[in-house]
Amino acid sequence: MEQRKWFFNHGANFELFNVLFDCDGFLVVQNDKTHTISFGTADCFNSLFGFPVNQSCLTKDEAISILHDWIKIDESYNFSTSRWENMISAIKAAQ
């Protein structure tokens, strides 16, 4: 499984994240130590501000619940929901 490092303290320290989903500019990661889930656009990973607060350090159930809400929104506009469904599948498959 691919792992990525999130550096902090001016690069002196880092946390390891397991990549659960990486497709079309979206990323789902699981903290290697705490097993919490974070997700968002791939360019937010390891940026100064990171993923949005309501998409960071979540339990699996919390992350899945948010993605189900996004599915409902996209369905109301007849948009494809496959990205969110694939992200949910990846989270469910995680250890």
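Is Glu2 buried, partly exposed or exposed, and what is its relative accessibility? In this predicted model, Glu2 has a relative accessibility of 42% and therefore counts as partly exposed. The legends below begin with this residue and its partners.

**Figure 1. Salt bridges join Glu2, Arg4 and Asp22.**
Two salt bridges are found in the structure. In one of them, Glu2 pairs with Arg4, with 3.0 Å between the closest N and O atoms. Arg4 is partly exposed, because its relative accessibility is 22%. Asp22 also forms a salt bridge with Arg4, and here the closest N and O atoms are 2.7 Å apart. Arg4 belongs to strand S1 and Asp22 to strand S2, so this pair ties together parts that are 18 residues apart in sequence. Through shared partners, the salt bridges make one network of Glu2, Arg4 and Asp22. Asp22 has a relative accessible area of 40% and is therefore partly exposed.

**Figure 2. The largest pocket is lined by 15 residues.**
The space within the largest pocket amounts to about 200 Å³. Among the lining residues, Trp6, Phe17, Ser38, Ser56 and Cys57 lie nearest the centre of the pocket. Strands S1 (3-8), S2 (13-23) and S3 (26-31) each contribute at least two residues to the lining. Sorted by class, the lining comprises 8 nonpolar, 6 polar and 1 charged residues.

**Figure 3. Trp6 and Phe45 form an edge-to-face aromatic pair.**
A pair of aromatic rings is described by the distance between the centres and the angle between the planes. The model contains 10 aromatic pairs. For Trp6 and Phe45, the ring centres are 4.9 Å apart and the planes meet at 85°; the pair is therefore edge-to-face, since the planes are over 60 degrees apart. This pair links distant parts of the chain, 39 residues apart: Trp6 is in strand S1, and Phe45 is in the loop between strand S4 (37-41) and helix H1 (60-76). Phe45 has a relative accessible area of 10% and so is buried. Trp6 and Phe45 also belong to one aromatic cluster that includes Phe17 and Phe51.

Phe39 counts as buried because its relative accessibility is 0%. Trp70, by contrast, is partly exposed, with a relative accessible area of 22%.

**Figure 4. Charged ends sit over the aromatic rings of Phe14 and Trp84.**
The charged end of Lys5 lies over the ring of Phe14, at 4.4 Å from the ring centre. In the second example, the charged end of Arg83 lies over the ring of Trp84, at 5.5 Å from the ring centre.

**Figure 5. Asn46, with a positive phi, Ser47 and Leu48 lie in the loop between S4 and H1.**
Most residues other than glycine have a negative phi. Asn46 has a positive phi, near 65°. Asn46 is partly exposed, because its relative accessibility is 32%. Ser47, in the loop between S4 and H1, has a relative accessibility of 27% and so counts as partly exposed. The C-alpha atom of Ser47 is separated by 9.1 Å from that of Phe7, although the two residues are 40 residues apart along the chain. Leu48, in that loop between S4 and H1, is exposed, with a relative accessible area of 76%.

**Figure 6. Asn78 has a positive phi.**
The phi of Asn78 is near 60°, in a residue other than glycine. Asn78 is placed in the loop between H1 and helix H2 (82-93). With a relative accessible area of 73%, Asn78 is exposed.

Notes: Residues are numbered from 1 along each chain as its sequence is written. This is a predicted model: local features need pLDDT of at least 70, side-chain atom pairs count only at pLDDT 80 or more; totals for chains, interfaces and linings use all residues. Side-chain values use heavy atoms; hydrogens and water are left out. On a 1 Å grid over the protein atoms alone, a cavity is a set of points where a 1.4 Å probe fits but cannot get out, and a pocket is an open set with protein on both sides within 12 Å along at least five of seven lines; lining residues have an atom within 4 Å of a point. Grid points are joined across faces, edges and corners, and a volume is the space filled by probe spheres set on the points. Helices (H or I, at least four residues) and strands (E, at least two) are DSSP runs, numbered from the N terminus. Ala, Val, Leu, Ile, Met, Phe, Trp, Tyr, Cys and Pro count as nonpolar, Asp, Glu, Lys and Arg as charged, and the others, Gly among them, as polar. A salt bridge is a side-chain nitrogen of Lys or Arg within 4 Å of a carboxyl oxygen of Asp or Glu. Buried means under 20% relative accessible area, exposed over 50%, partly exposed in between (1.4 Å probe, protein chains only). Rings of Phe, Tyr and Trp (its six-membered ring) pair if their centres lie within 6.5 Å; planes under 30 degrees apart count as stacked, over 60 as edge-to-face and the rest as tilted. A charge sits over a ring if NZ of Lys or CZ of Arg is within 6 Å of the ring centre and within 35 degrees of the ring normal.
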